[in-house]
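Subject: Structure for your review

Dear colleague,

Please find below the structure that I am handing over to you. My notes on what was found in it follow directly after.

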Amino acid sequence: MNKGIEIDRLDKQILSILMRNAKMAYTEIAKKLFVSGGTIHVRMKKLEDVGIVKGYNLSVDHGKLGYDICAYLGIYLDKSSLYEEVAKELEKIPEVVEAHYTTGLYNIFARVFCKDTAHLKEVLHDKIQNIPGIQRTETFISLQESINRPLEIVSEDDDDEIGYHEAEES
């Protein structure tokens, strides 16, 4: 594994289960993997300490909370060297939920959630486009999310061995 971090098959199996169902109890994971609950706790602590597990998030339906617009922004900077400063300013805008320093046409690619098109216009015009260093933006409104899944980190053969199909229950 890169950057001197070593994880084994058991670590990957634990992560894979939790990436599909973060609410699953460590004792249940232990049963599926035929290890003790303490082993799962120790492994998760190690994965947190080395920075593989960065936190725990709740996945929600933004539309049901009144945020009907998901948009992606291609952001052009005056100079690439302004990235850090612009990223800090973008972080202050609650509607911006992701920002990536990218190659290609845009210096930054960001995702925002807004209540409606008027709210999106306000976020773009009054907040994002007023950040020093941003030259211009291009906006892409998502009409439908088709895929949103965790990265597969174990093979399909391993899936059957540890009962992933059961882990997918909501």
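In which loop is the place of Val60? Val60 belongs to the loop between helix H3 (37–49) and S1. Please keep in mind throughout that this is a predicted model. With a relative accessible area of 38%, Val60 is partly exposed. Together with Leu58 and Leu65, Val60 makes a nonpolar surface patch of about 340 Å².

The strands may be taken next. S1 and S3 pair in the antiparallel sense, over seven bridges. S2 and S3 form a hairpin with six residues between them, and Gly104 in the turn has a positive phi of about 95°. Six of the seven residues of S3 are buried, so S3 is largely enclosed by the rest of the structure.

I turn now to the aromatic rings. A pair of aromatic rings is described by the distance of the centres and the angle of the planes. The count comes to six aromatic pairs. One of them is formed by Tyr72 and Phe109, which are stacked, at 6.0 Å centre to centre with 15° between the planes. This pair links distant parts of the chain, since Tyr72 lies in strand S1 (residues 69–77) and Phe109 in strand S3 (residues 108–114), 37 residues apart.

Tyr76 and Tyr106 form an edge-to-face pair, with 5.2 Å centre to centre and 70° between the planes. Tyr76 lies in strand S1 and Tyr106 in the loop between strand S2 (96–101) and S3, so this pair ties together parts that are 30 residues apart in sequence. Are these two residues, Tyr76 and Tyr106, buried or exposed? Both Tyr76 and Tyr106 are buried. The ring of Tyr76 has a further neighbour: the charged end of Arg136 sits over this ring, 3.9 Å from its centre.

Finally, ring pairs link Tyr72, Tyr76, Tyr106, Phe109 and Phe140 into a cluster.

Yours sincerely,
A colleague

Technical notes. Residues numbered from 1 in each chain as written. Predicted model: local features only at pLDDT ≥ 70, side-chain atom pairs only at ≥ 80, totals over all residues. Heavy atoms only, no water. Phe/Tyr/Trp six-rings, centres within 6.5 Å; stacked < 30°, edge-to-face > 60°. Helix = DSSP H or I, 4+ residues; strand = E, 2+ residues; numbered from the N terminus. Buried < 20%, exposed > 50% of the residue type's maximum accessible area, 1.4 Å probe, protein only. Lys NZ or Arg CZ within 6 Å of the ring centre and 35° of its normal. Patch = residues over 30% accessible without salt bridge, like charges linked within 9 Å, V, L, I, M, F, W, Y side chains within 5 Å. Areas by Shrake-Rupley, 256 points an atom, 1.4 Å probe, with all protein chains shown as cover. Salt bridge = Lys/Arg side-chain N within 4 Å of Asp/Glu carboxyl O. Pairing = 2+ DSSP bridges.
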